[in-house]
Amino acid sequence: IPDNVQKIEIGKKYKVDIEKGGQKVWFAFTAKKTGSYFLTTDTSAEEFEERSGTPTLYCYNKHDVSSENDCWKENTGGYNSGRDSRIAISVEKGKTYYFCASYISEYKTGSCKVKLEEATFPVSVKINTDKIVQKEYQADLEGCYLSGAELTAEYADGKSKQIVTFSYRGDDEYDSYGNKFSYKLFRTDEASEYGDDPGVALEAGEYKPVFFCNDEKIETDSNYTFKVVESDNLPILHIGDNNEVESPADREMWYSFTAPETATYLFSPIEQIQVVEKKEDGLEYISSEEIGKGKTFDLEKGKTYYVGLTSVGSWELDTTKWNVTIEEKAEISSMAFSEKELKFTYGLDNVYEDTYIGNLTTYYNNGQNPDTVGVYLNGVSMDRYGNCISAKVIDNSTGKAWNKTGALHAGTYKLSYSYENGESTVTSEVIPITVQKK
């Protein structure tokens, strides 16, 4: 630690300029009273975006240290939506503390401000695990979160206690004073110093949580544990429309599906879904395409896939139990328009490119039930499989395609719809259009 270090005061902001890789910026603070403090970086969104990171903060509670790595506290970010670093310290009156700001990467440069503020730390924290939503998880598949766990923090000087509740897919929670509460997951049959973060898909076994306040372990007599079980006996999904599934709030439910053929499969209706394949080196996530209220996945014959479903309550089903249909994505084999001809009067019922004019019934090559697709005078529509259907309007007076400018003028036209599957084109019968003068 350098001998000449800039001294900082409570409540003031100090500039940190790291102009070359590996540079360190030092500050010192001598406590005028015993108390609790936060040292926090203050980074603008523009600065954070520009350098894609925030400096790490280090704190030393003595000047003479054997190595810069021999720090008392450190923080690498995660505060303020991940934009800033923060250190929480309890200091003794008359003692001097040293702070260092630097990037872990020796190639990064950037700037920010740091600010030391008085803090209100909890004097005690009680843990309630009775409301944890999920007690069991699927090995190697399911991210483990202690959704519903409650921490009751009590403070000195008559301040009201606060309850902090961990959310689904949430890592850290904060009280109104800015204190960070977090947890890690440890196997009960192994001695480990680090543990796993929330959201990690764990191996089969029994685990226990360890809770932290401002990165300091919270001592508790709680003996809460949970199990991670092998994912060999999951409910099985099959081709058809009667797959009864559920996805309670604040958790993901898992199922298995074995593809009977190599094909593109549509899962619908779904809100959130992921399909994965287990491999020797881990999980492979199958890419998808969103189609209406479902998603399609390219799957291989005979392979078993694992399907995770999550309900977040944002769709009209408004339920955690429903039936999912799984079917092969079909190709259109023929189409039939709902009307034999169309007649309009120019100036009374004008029709434009985006005017809805009727329905197409689409039939499929694998015998799937027909679909009814609302179509427009021009443009592209899609059936339930995401097949694109294009409209084409020919002006009989010119033999050319309509230029789509304004309303369809008085005259006669030919309307048709087509679908291209890469190998051939399926076209509907021609629908005559007559636009009469007013």
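Me: Which ring does the charged end of Lys 278 sit over, and how many Å from its centre?
Reply: This is a predicted model, in which local features need pLDDT of at least 70, side-chain atom pairs count only at pLDDT 80 or more, and totals for chains, interfaces and linings use all residues. Residues are numbered from 1 along each chain as its sequence is written, and side-chain values use heavy atoms, with hydrogens and water left out. A charge sits over a ring if NZ of Lys or CZ of Arg is within 6 Å of the ring centre and within 35 degrees of the ring normal. For Lys 278, the ring is that of Tyr 306, and the distance from its centre is 5.1 Å.

Me: Over the face of which residue does Lys 73 lie?
Reply: Lys 73 is placed 5.3 Å from a ring centre. The ring belongs to Trp 72.

Me: Why is the pair of Trp 26 and Tyr 60 called tilted?
Reply: The structure holds 18 aromatic pairs. Rings of Phe, Tyr and Trp (its six-membered ring) pair if their centres lie within 6.5 Å; planes under 30 degrees apart count as stacked, over 60 as edge-to-face and the rest as tilted. The centres of Trp 26 and Tyr 60 are 5.5 Å apart, and the pair is tilted because the planes stand at 40°.

Me: How many residues apart in sequence are the parts that Trp 26 and Tyr 60 tie together?
Reply: Strands (E, at least two residues) are DSSP runs, numbered from the N terminus. Trp 26 belongs to strand 3 (residues 25-30) and Tyr 60 to strand 5 (residues 56-60), so the parts tied together are apart in sequence by 34 residues.

Me: Is Tyr 60 buried or exposed?
Reply: Buried means under 20% relative accessible area, exposed over 50%, and partly exposed in between (1.4 Å probe, protein chains only). The relative accessible area of Tyr 60 is 2%, so Tyr 60 is buried.

Me: In which strand does Phe 211 lie?
Reply: Phe 211 forms a tilted aromatic pair with Phe 166, 5.9 Å centre to centre and with 40° between the planes. Phe 166 lies in the loop between strand 13 (162-165) and strand 14 (173-174), whereas Phe 211 lies in strand 16 (residues 205-213).

Me: Over how many bridges do strand 15 and strand 16 pair?
Reply: Two strands pair if DSSP finds at least two bridges between them. Strand 15 (residues 180-187) and strand 16 are antiparallel, and their bridges number seven.

Me: Which residue in strand 17 stands opposite Phe 212?
Reply: Strand 16 and strand 17 (residues 216-217) run antiparallel, joined by two bridges. The residue opposite Phe 212 is Lys 217.

Definitions and conventions:
Helices (H or I, at least four residues) and strands (E, at least two) are DSSP runs, numbered from the N terminus.
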